[in-house]
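Please keep the structure open while reading.

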Amino acid sequence: MDTLDKVRLLGAAGKWDTCASSSSPRKSVGLDRVGNVAKGGICHSFTEDGRCVSLFKTLMTNDCVMDCKYCSNSIHCGKTPAEYEPGELARVFMHLYMRNYVEGLFLSSAICKSPDATTESMLDTVRLLRGAYLFQGYVHFKILPGVDRSLVKQASELSDRLSINLEAPNGSRLSEVTDMKDYNSDIIRRQKYIRDALPPSGQTTQLVVGGSDETDLEILETAVWEYGKIGLKRVYYSAFSPVVGTPLEGKDRTPVDREKRLYNVDFMMRKYGIRLNEFRDIMVDYNLPPGDPKMHMAKNRFDSPLDVNEAPYEELVRVPGIGPLSAKRILAVRDSGCRIKKRSELHSIGVVLKRAEPFLSIGGGFQSRLA
Amino acid sequence: MAARHRDFDDRILQAVLSQDDALVSACATPESRSLHNMHSCVSRSLCKAEGFTRLEVSGNTLYGRVELEHDIMDLLLSHFHRRYPGYDVALGQGNETFVMDAYGRVRVCKCGIDRYLIENGIPNAAEPDSDQLFETYYLSQCIKERRNVGLMRKMMPRKHSRLNHIEHMLNNAGARITDF
């Protein structure tokens, strides 16, 4: 099989991993090197689904021994098996990196033979990049369920970020989609190995939304636990999409809006400091209702408009159209002794008036009906 | 950063300098908001240029073509110099070529990139499979069930889509699929 066919097959097999972040605090030293890590993510292209292409995202092999029912690489699926040699993958990646097509490498794999054997092959690739090619750019290394602790440590020394996919919010839900993975020993324990290995850019994970019958509350409770106990940088949510040839091909596709609502809530929990309990209050049958979660929460919370010159920060960030930055700017204006008197001042600050106005009182006036 | 914007006017800066610091930092005046917007615009333009400029490799030289709206050529050259130390970086814009050598020194040549390469004896390194490799990878990444060409068009300027060889997709694609 020629290299272009491998790029096509293994790139397509790896596209379901959604992480596109490419920043790292690691410093690239010396002049005898190629590449560095950027402070913030740089996108090199956008696909037809609107997603950023920043990393060269690929599997080492798609020939898997696992039985995950949602996955196109699983043992259930008839597929054309493909596998990179470490030297071949390193060459392809460097060819793209030198021409500024990609920002870094995202290396994952199906589990061929055993997690340890597959991980060794992946590590050989990254060692070639760091050693022979003197590559000091970004590498995201996917840890495979059940892999040995020593290999996790080696991966952490060679890579910027590590991750292992949870796929489901708990062991009971995971057992609905696979019989071969143990949630606690194969996945959670590996997350703790990664945590203890201290990769420079931390650890992330991904959950399939709608692959089993999990509720949004289960997913968000898991996310809260992961951020608190495991210390994850990010949890990614991937809406389930049935794949032909898998046992779940007849299952309904999960609407992308559900994924978007989970990201909205995740962002508000992490960046706004809003606790999960407040989102429980707006849930219907343990799921977030259709529409914007913040709007639902605001309608539930505010029975009268807020005075923009009196409301504390915690109330302001709960108003749709006002985020942490705008709320801080409002407080900064008030702290300087000024009062906000006009809509145009809020607009200048960055408040999205169309969303915020129904909940605010500006200069004594307010919109008489909530939107 | 705002001063690099093509529409920057020193009068805006003078107006902002006479305003209250708290109001300026909160962007609470039209002038400070305008300055902030210019800053954001230039930063976005630089980010796009860093992401979408494609380079070719010929020996110790990396070269490419750019179309920059704002005065950010030095920043772009510095970015590539940090990324590829040890290489000369030559970026052609119109009838000028800007070159940063391996030591970080910049010179401007009053000729287009093609003539610069010829005059400096740099062989044309364009490999026929270079674009095909990226296009093969690029096409493998789309999840067609999530197709949202409107978002793609919003995020990727037309001029960059040419560099990514996907202009035909933007021209022929339909509206957003809303079948969810």
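Two strands count as paired if DSSP finds at least two bridges between them. Strand E7 (residues 203-209) of chain A and E8(A) pass that test, because they pair in the parallel sense over 6 bridges. The model is a predicted one.

**The sheet of chain A**

- Chain A has an open sheet of 6 strands, in the order E3-E4-E5-E6-E7-E8, and its pairing is parallel.
- Its edges are E3 and strand E8 (234-239) of chain A, each of which pairs on one side only.
- From one strand to the next, the twist averages 20°.
- H8(A) lies across E7 and E8 of chain A. The helix runs at about 165° to E8(A).

**The sheet of chain B**

- In chain B, 5 strands make an open sheet with mixed pairing, ordered E1-E2-E3-E4-E5.
- Strand E1 (56-58) and strand E5 (106-109) of chain B are the edge strands. Each has a single partner strand, so one side of each lacks a neighbour in the sheet.
- The twist here averages 20° from one strand to the next.
- E1(B) pairs with strand E2 (residues 61-65) of chain B in the antiparallel sense, over 3 bridges. In this pair, B:Glu56 is opposite B:Tyr63 in E2(B).
- Helix H4 (residues 73-83) of chain B packs on the sheet. The helix touches strand E3 (88-93), strand E4 (96-100) and E5 of chain B. Its direction makes about 150° with that of E3(B).

**The hairpin in chain B**

- E4(B) and E5(B) are joined in the antiparallel sense over 4 bridges.
- B:Phe98 faces B:Val108 in E5(B) as its opposite residue.
- The hairpin of these strands has 5 residues between them. There, B:Gly104 takes a positive phi near 90°.

- The size of an interface is often given as the accessible area lost when the parts come together.
- Chain A and chain B bury about 5000 Å² between them. Carbon and sulfur atoms account for 58% of that area.
- Which three residues supply more of the area that chain A buries against chain B than any other three? They are A:Phe46, A:Glu48 and A:Tyr101, with 17%.
- The contact involves 54 residues from chain A and 56 residues from chain B.
- Between the chains, 20 residue pairs are in polar contact, with both residues at pLDDT 80 or more.
- Several elements of chain A each supply at least two residues to the side that touches chain B. Among them are helix H1 (3-13), strand E1 (45-46), strand E3 (55-59) and helix H2 (86-98) of chain A. Helix H8 (256-272), helix H12 (324-335) and helix H13 (343-349) of chain A also belong to this group.
- By class, that side of chain A has 25 nonpolar, 16 polar and 13 charged residues.

**Salt bridges**

- How many salt bridges are there over all chains? The count comes to 32.
- Across the interface of chain A and chain B there are 3 salt bridges.
- The side chains of A:Glu103 and B:Arg83 form a salt bridge, at 2.6 Å from N to O.
- Within chain A, A:Glu157 forms a salt bridge with A:Lys153. Their closest N and O atoms are 3.2 Å apart.
- A:Glu157 and A:Lys153 are 4 residues apart in helix H4 (residues 149-158) of chain A, so about one helical turn separates them.

Technical notes: Residues numbered from 1 in each chain as written. Chains lettered and ligands numbered in written order. Predicted model: local features only at pLDDT ≥ 70, side-chain atom pairs only at ≥ 80, totals over all residues. Heavy atoms only, no water. Contact = heavy atoms within 4.5 Å. Buried area = accessible area lost by both parts, 1.4 Å probe. Salt bridge = Lys/Arg side-chain N within 4 Å of Asp/Glu carboxyl O. Polar contact = N/O pair within 3.5 Å; in protein donor to acceptor, adjacent residues only side chain to side chain. Nonpolar A, V, L, I, M, F, W, Y, C, P; charged D, E, K, R; others polar. Axes fitted to C-alpha atoms, helices over the stretch in contact; angles between N-to-C directions.
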